2 protein chains.
Amino acid sequence: MKAPLTILKIGGNIINKEPILTKVLEDFAKLPEKKILIHGGGRKASEMMRSLGIEPTMIDGRRVTDAAALEIVTMIYAGLINKNIVAQLQAINCNAIGLSGADLNAIQSHKRIIQEIDYGFVGDIDIVNGVAISQLLQADFTPTFCAITHDKKGQLLNTNADSIAATVAAAMSQYFQTKLVLCFEKDGVLSDPKDDSSVIPSINAEQFQTYKKAGVISAGMIPKMDGAFFAMKNGVENVYIAGIHALENTTIKGTKLCL
Amino acid sequence: MKAPLTILKIGGNIINKEPILTKVLEDFAKLPEKKILIHGGGRKASEMMRSLGIEPTMIDGRRVTDAAALEIVTMIYAGLINKNIVAQLQAINCNAIGLSGADLNAIQSHKRIIQEIDYGFVGDIDIVNGVAISQLLQADFTPTFCAITHDKKGQLLNTNADSIAATVAAAMSQYFQTKLVLCFEKDGVLSDPKDDSSVIPSINAEQFQTYKKAGVISAGMIPKMDGAFFAMKNGVENVYIAGIHALENTTIKGTKLCL
């Protein structure tokens with residue numbers, strides 16, 4: 001039987017709020033099973049760009065990453081945020097090891113092909129090095145990924161953290177009984193975007209399409225859900241979209257995905 | 001018999017020069033034995049501070065690190081420089097894993113005690129986690145350290161890269177037959193600071209004191225030499241201070257330390 005593994009992805013809105021981040025990291029550190037953390041970027045990269053006189057460019061909530069923006073996201077995601085999270089986890093005895101996709105060639109991607117929009121130095125994932133990540137887990141280390149990957153030719157690439165979470169979860173499900181929790185500022189997927197209490201307890205692929213057509217699920221939630229269903233279809237046993245209380249109990253509150 | 005291990009430290013003046021950095025990384029990647037890279041910071045942190053309107057403060061060549069400076073060195077050292085070096089090494093099939101001292105609690109330090117000067121968030125090393133670093137080496141990974149450590153209470157600390165190199169080498173010599181190469185812009189320790197060809201081929205502790213008193217060895221070379229002798233006295237088999245051609249041949253040209 002495969003050993004259990006929990007993969008927690010925390011979004012930028014959690015990273016921005018210090019007491020909430022601390023609480024989520026504490027819950028994560030307490031998990032007895034093997035675990036992986038994946039974190040987004042938060043507002044800090046855009047703030048840093050503005051401080052340097054560079055105006056961030058976003059299209060449909062996705063960052064256009066030119067060479068200057070890539071330098072800044074690499075500094076902020078892989079440096080400032082990742083190392084501060086690792087230091088916080090180490091302080092509460094979680095043996096974290098901070099990683100980008102370049103480290104151990106853990107996540108290899110290619111620069112996104114230009115179609116209508118040139119997103120610049122943005123990576124679409126090709127392959128996850130499940131063997132190397134498993135070696136770290138077997139040593140009881142806790143891999144802690146930022147959203148930077150590489151092309152194995154020396155180029156770093158800015159990569160969507162939800163996509164990393166989904167793809168890493170799918171790859172690790174070969175070796176572990178894998179649970180993926182996508183944690184963000186709401187308590188789950190909402191049936192009424194204006195009502196935070198309208199959490200949909202479970203959702204299957206068909207219902208997702210219906211909600212999408214009705215405009216209930218829109219914008220940034222669509223790629224998040226696409227990733228979540230990709231993980232479900234590729235061996236991940238349980239996938240949840242949940243809020244900051246997600247790991248407080250063994251039964252996860254939030255939206256559970258079904259096939 | 002212990003397996004051989006080479007630890008290469010590269011200084012800021014090498015990191016600043018792209019073609020030289022590439023060449024040194026290529027020589028490093030070709031080493032058949034187990035290896036560790038430790039890199040300094042370069043000018044980029046000071047440049048970034050000035051871009052943000054912060055004037056860097058240096059005392060005797062050492063950076064005073066207030067909270068704003070710590071954020072910037074963490075971004076530049078652990079993010080920008082470390083991940084770009086890792087991506088470059090991966091591109092030439094060296095299985096690098098970028099680390100700060102916080103990752104795996106690899107290097108634990110304490111905030112420097114204030115005596116005459118308050119250096120701010122600067123770390124003096126307490127302990128190196130040789131067991132964790134050995135686990136990475138045994139898996140054929142190449143640990144690649146930046147000069148950031150932590151206090152295991154959640155605080156990152158800016159730490160001298162030569163000190164990290166010396167302390168990590170001493171710790172690893174318990175497990176490996178360890179060679180330490182401190183690589184910088186000159187071809188070794190010079191007997192005449194104005195003559196780059198006046199490399200001292202070997203130097204012992206007594207000669208070091210004589211050169212120091214005569215003012216031949218001064219400024220930033222003194223802590224570098226202190227670290228190098230610390231490594232020699234603590235089990236490291238061979239210590240060299242050498243230039244960018246250091247790893248071209250199995251016989252290292254430069255200054256060899258003797259006890």
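Which strands of chain A does helix H6 (residues 161–172) lie across? In this predicted model, local features need pLDDT of at least 70 and side-chain atom pairs count only at pLDDT 80 or more, while totals for chains, interfaces and linings use all residues. Residues are numbered from 1 along each chain as its sequence is written, with chains lettered from A and ligands numbered from 1 in the order in which they are written.

Helix H6 of chain A lies across E1, E2 (34–39), E8 (142–145) and E11, running at about 175° to E1(A); axes are lines fitted to C-alpha atoms, for helices over the stretch in contact, and angles run from 0 to 180 degrees between N-to-C directions. Helices (H or I, at least four residues) and strands (E, at least two) are DSSP runs, numbered from the N terminus. Contact requires C-beta atoms, placed from the backbone, within 7 Å.

The open sheet of chain A has eight strands in the order E5-E8-E2-E1-E11-E13-E14-E12, with mixed pairing; strands pair if DSSP finds at least two bridges between them. Strands E1 (residues 4–10) and E11 (residues 177–183) of chain A run parallel, joined by seven bridges, and A:Leu5 has A:Thr178 in E11(A) as its bridge partner.

Turning to the two chains, the contact takes 35 residues from chain A and 35 residues from chain B. H4(A) gives the largest share of the side of chain A that touches chain B, with 14 residues.
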